[in-house]
Amino acid sequence: MVDVIDGHPEAGVDYPRTYADLLEWFPDDATCLEYLGRLRWPDGFICPKCEKTEFWKTAAGLWMCRACGRRTSVTAGTIFHRTRTPLSSWFAAVWFVTSQKGGVSALGLQRVLGFASYETAWAWLHKLRRAMVRPERDLLGGPGVVVELDETFLDGVPRGGSNLWKDKVSVMLAVEKRGRKLGRIRAQVSERPGTKQILQFATDVIAPGSQIHTDGSVMFRQLASMGYTHKGTVGMRASDITSVLPGLHLVASLLKRWVIGTLHYGIDGRQLPYYLDEFTFRFNRRDARSRGLLFYRLLEQAVATNPHPMRDLVTDRRRD
Ligand SMILES: [Zn+2]
């Protein structure tokens with residue numbers, strides 16, 4: 001017997017358009033688990049141990065393989081792992097985070113979900129941010145795409161601890177240009193501004209063979225020997241410095257505005273990487289036809305197969 005909830009919205013096809021949809025579709029853990037299961041196994045359940053596809057659903061909401069008896073949790077190893085809060089509350093949190101253009105503050109989330117503590121709301125937001133960008137995601141660039149690469153400084157972000165760059169944090173940015181349009185971005189805090197760290201960043205986020213534009217600093221010339229086509233326009237010689245890397249300057253100014261406007265400088269520098277992930281997630285999906293699609297994407301990433309499949313193992317009594 002395969003346990004399927006009749007008439008349940010199908011992940012990959014359906015996503016809530018409104019808050020009313022959300023409440024109606026996901027009233028309890030069972031409906032949330034079913035949706036997450038379809039996100040996790042879009043082509044149907046596959047047992048991680050024996051690769052058979054037939055299963056039972058246990059009362060505890062686990063997928064139990066009919067062939068080998070292994071029980072798999074769809075939430076193990078994800079941000080929802082062993083949460084004591086109902087999944088429907090998590091779904092509501094994901095909804096609030098994704099349905100508002102600039103995101104939601106911890107205080108705002110605390111209010112709408114009725115949490116007793118601010119700290120809980122803050123922790124939830126951070127867990128969700130960690131799911132916003134995955135390391136194994138696609139690389140930027142490719143045929144016909146130019147990637148602009150540079151560092152930008154964010155003012156007023158206390159880094160914590162004693163650091164030379166106390167209130168100034170350097171962020172490395174890579175911005176796709178597809179013709180006149182901007183494509184996707186990647187952003188990462190630079191530990192050592194002005195050093196070769198940005199070359200490492202380039203190889204981490206930009207596909208080999210891509211075309212990269214920079215401000216022509218000496219260091220960037222190495223990109224040509226790293227498998228990229230490099231074009232450097234020296235900023236000093238340009239009449240308008242923003243014309244050198246227009247896409248990158250636009251994204252940098254949006255990032256600065258977001259930090260100031262949405263977050264009111266309330267950022268601990270040590271948390272900045274996660275805020276950059278949120279900014280990246282929002283920017284890369286700015287043209288989504290529905291906010292509900294962002295809800296879907298974030299949940300999808302939250303349950304994406306994690307790099308340590310052994311952690312999926314909840315109980316496996318037959319293991320030898
Ligand atoms: Zn199995």
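**Sheet and helices**

Modeller: Strand 5 and strand 6 run antiparallel and are joined by 7 bridges. Helices (H or I, at least four residues) and strands (E, at least two) are DSSP runs numbered from the N terminus, and two strands pair if DSSP finds at least two bridges between them. This is a predicted model, in which local features need pLDDT of at least 70 and side-chain atom pairs count only at pLDDT 80 or more, while totals for chains, interfaces and linings use all residues. Residues are numbered from 1 along each chain as its sequence is written.

Colleague: In the hairpin of strand 5 and strand 6, which residue takes a positive phi?

Modeller: Arginine 178 stands opposite lysine 181 of strand 6. The hairpin has 2 residues between its strands. The one with a positive phi, near 65°, is glycine 179.

Colleague: Which strands stand at the edges of the open sheet?

Modeller: The open sheet has 5 strands with mixed pairing, in the order 6-5-4-7-8. Each edge strand has a single partner strand, so one side of each is left without a neighbour in the sheet. These are strand 6 (181-189) and strand 8 (229-232).

Colleague: How many bridges join strand 4 to strand 5?

Modeller: Strand 4 (residues 146-155) and strand 5 (residues 168-178) run antiparallel. Phenylalanine 153, for its part, has serine 170 of strand 5 as bridge partner. The number of bridges joining the two strands is 10.

Colleague: At what angle does helix 7 run to strand 5?

Modeller: Helix 7 (residues 246-261) lies across strand 4, strand 5 and strand 6. Angles run from 0 to 180 degrees between N-to-C directions, with axes fitted as lines to C-alpha atoms, for helices over the stretch in contact. For helix 7 and strand 5 the angle is about 135°.

Colleague: How is helix 3 oriented to helix 5?

Modeller: Helix 3 and helix 5 (residues 118-130) pack with their axes 11 Å apart, at an angle of about 70°. Angles under 35 degrees count as roughly parallel, over 145 as roughly antiparallel, 65 to 115 as roughly perpendicular and the rest as oblique. Helix 3 is therefore, relative to helix 5, roughly perpendicular.

Colleague: Which residues of helix 5 make the contact with helix 3?

Modeller: Two residues are in contact if their C-beta atoms, placed from the backbone, lie within 7 Å. Helix 3 contributes Ala93, Val94 and Val97. From helix 5 come Trp124, Leu125 and Leu128.
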